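Have the sequence and the 3D view open while reading.

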Amino acid sequence: MSPLAFVLVFGAALSHAAWNIIAHGISRAGATFLWWGAVASTVVWIGAVPFTGGLGTDDLGSFALGVSVSAVLHVAYMAVLQRGYREGNLSTVYATARGTGPFLSVIVAVLILGERPSAIALIGVAAVIVGVVAIGLVDRGRGAGRRRGLDLGLVFGLLTGVAIATYTIWDAHVVRTWELSPVAFMVGTTLLQVPFYSIAVRHRWDAVWALGRAQWRRIVVFGVLSPLSYILVLTAIQIAPVALVAPLREVSVVLVSLFGVFVLRESRPGWRIAASLVVVGGIVLLAV
């Protein structure tokens, strides 16, 4: 992976970890938070579009198709993820999703997009995925999610991983093929998510406004950092293989885990740090 792509993806991981730490708790508000997140992301970044290459293309049809499909895929991803959190153990859902998504992205990138990462890079990919899953499984077993022997957290975690891989591959394909501007693409995607979330909160507008008044600072931070993290990823996939970018962006999981160990004093710090070191080893191999 080129140094520039590595810096972009690592910067994306830092941004993703930062907004997750800052917005910790508020995201549990569900659709009301998602509505504010989509609105804030659009408002904060739409002014940057003219200064970051515009749409990146004169083909408005391609741009509209790209962002429309992406918006639907991202909404579907959030719907499956939220359902998973209701049905199963948070750690199981999160670990399965964040591990399965990059894993499937790598397979699709190799088989369909024709990417050919080196053997060392693939070992690094495997290390990152294993480490991320290990971090998420630290607290596995605390919570519900089993019915008749079926772990629903695992099921919805896998479905979430499929959703992650799907939008990652689609976004990478359209941004590369149609040469779309990452900023405009991100703004278009978040803008088109607003109607979906508006339907979801149509009977809860009082709760929406109350959340906005109480948590506007965190919402603004989300509006800045969440799109930034994905804009950096979209920029990186224009110059680096998806098979390498997709796993490396999950470094955010490690950063949040280390924050939990050293700041929040979460349980089993040795396990969390050991799993983080596995991810770091994978990152070193990806950077070779």
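## Terms and model

A cavity is a set of grid points where a 1.4 Å probe fits but cannot get out. Its volume is the space filled by probe spheres set on the points. The model is predicted.

The largest cavity has a volume of about 70 Å³.

Its lining is made up of Ala12, Ala13, His16, Arg98, Ser229, Val233, Arg249, Glu250 and Ser252. Helix α1 (3-22) and helix α8 (205-236) each supply at least two of the lining residues. The largest share is from α1, with three residues.

## Packing of α3 and α7

Two packed helices are described by the angle between their axes and the distance between the axes. For helix α3 (residues 60-87) and helix α7 (residues 182-200), the angle is about 55° and the axes lie 8 Å apart. The pair is therefore oblique. The crossing of α3 and α7 is right-handed.

Which residues meet at this contact? On the α3 side they are Phe63, Gly66, Val67, Ser68, Ser70, Ala71, Val72, His74, Val75 and Met78. On the α7 side they are Ala184, Phe185, Gly188, Thr189, Leu192, Gln193, Phe196 and Tyr197. The contact of α3 with α7 holds 11 nonpolar and seven polar residues. Charged residues are absent from it.

## The second largest pocket

The second largest pocket holds about 170 Å³ of space. Three helices, α2 (31-46), α3 and α7, each supply at least two residues of its lining. Which of them gives the most? Helix α3 does, with six residues.

The lining consists of Gly30, Ala31, Leu34, Val75, Met78, Ala79, Gln82, Arg83, Arg86, Phe196, Tyr197 and Ala200. By class, eight of these residues are nonpolar, two polar and two charged.

How values were computed
Residues are numbered from 1 along each chain as its sequence is written. This is a predicted model: local features need pLDDT of at least 70, side-chain atom pairs count only at pLDDT 80 or more; totals for chains, interfaces and linings use all residues. Side-chain values use heavy atoms; hydrogens and water are left out. Axes are lines fitted to C-alpha atoms, for helices over the stretch in contact, and angles run from 0 to 180 degrees between N-to-C directions. Helices (H or I, at least four residues) and strands (E, at least two) are DSSP runs, numbered from the N terminus. Angles under 35 degrees count as roughly parallel, over 145 as roughly antiparallel, 65 to 115 as roughly perpendicular and the rest as oblique. A crossing is left-handed if the near helix is turned anticlockwise from the far one by less than a right angle, and right-handed if clockwise. Contact means heavy atoms within 4.5 Å. Ala, Val, Leu, Ile, Met, Phe, Trp, Tyr, Cys and Pro count as nonpolar, Asp, Glu, Lys and Arg as charged, and the others, Gly among them, as polar. On a 1 Å grid over the protein atoms alone, a cavity is a set of points where a 1.4 Å probe fits but cannot get out, and a pocket is an open set with protein on both sides within 12 Å along at least five of seven lines; lining residues have an atom within 4 Å of a point.
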